Amino acid sequence: MAISITRFTFFALLMCSFAMILSNKVVSAQCSGDMQGLMEQCARYVQKSGPQIPPSASCCAVVKNVDLACVCSHITNEVEGIISMEKSAFIAQACGKPLVRGTQCGSKILDNSLLV
């Protein structure tokens, strides 16, 4: 029971963090794509806890239509504390829309250590 509550709390925090960045009018106005869909379909694949797992087809469908470099440029330290930049780069690669080396994602600049 305690584990379920902990997982729920973590998931709620993750969703709130994504909501803070993705519902931000600046991100929505500047970044093309379905930000709500990105949050709903891909959040579980980029959380810091747990193993790196391949994304679902529904996550990839959203990823393919979002300007990921733009979203990366708006990631705050608070969001970065909850999501894994490494997993985010993995998801982009796995969905066939890899981020370019040198892309700044939050405070990290994507290099060979973050990219497949």
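Author: The model is predicted, so local features need pLDDT of at least 70 and side-chain atom pairs count only at pLDDT 80 or more, while totals for chains, interfaces and linings use all residues. Residues are numbered from 1 along each chain as its sequence is written, and side-chain values use heavy atoms, with hydrogens and water left out.

Reader: What makes the pair K108 and E86 a salt bridge?

Author: A salt bridge requires a side-chain nitrogen of Lys or Arg within 4 Å of a carboxyl oxygen of Asp or Glu. For K108 and E86 the N to O distance is 3.9 Å, and therefore the pair meets the rule. By this rule the count comes to one salt bridge.

Reader: Where in the chain do K108 and E86 lie?

Author: K108 belongs to strand β2 (residues 108-109) and E86 to helix α7 (residues 85-94), 22 residues apart, so the pair links distant parts of the chain. Helices (H or I, at least four residues) and strands (E, at least two) are DSSP runs, numbered from the N terminus. The chain has seven helices and two strands.

Reader: Why is K108 called partly exposed?

Author: Buried means under 20% relative accessible area, exposed means over 50%, and partly exposed lies in between (1.4 Å probe, protein chains only). K108 has 32% relative accessibility and therefore counts as partly exposed. E86, at 34%, is also partly exposed.

Reader: How do you know that α7 is mostly covered?

Author: Seven of the ten residues of α7 are buried. These are M85, K87, S88, A89, F90, I91 and A92. The buried residues of α7 pack against several elements, among them α3, α4 and β2. In the chain, buried residues make up 41% of the 116 residues.

Reader: What makes a group of residues a nonpolar core?

Author: A nonpolar core is a set of buried Ala, Val, Leu, Ile, Met, Phe, Trp, Tyr and Cys residues joined through side-chain atoms within 4.5 Å. The largest such core holds 26 residues, of which V63, V66 and I91 touch the most other members. The elements giving two or more residues to this core are α3 (35-46), α4 (57-63), α5 (68-73) and α7. The most come from α3, with five residues.

Reader: Which residues are in contact with I91, leaving aside its neighbours within four places in sequence?

Author: Contact means heavy atoms within 4.5 Å. On that basis I91 is in contact with Y45, V46, I53, P55, C59 and V63.
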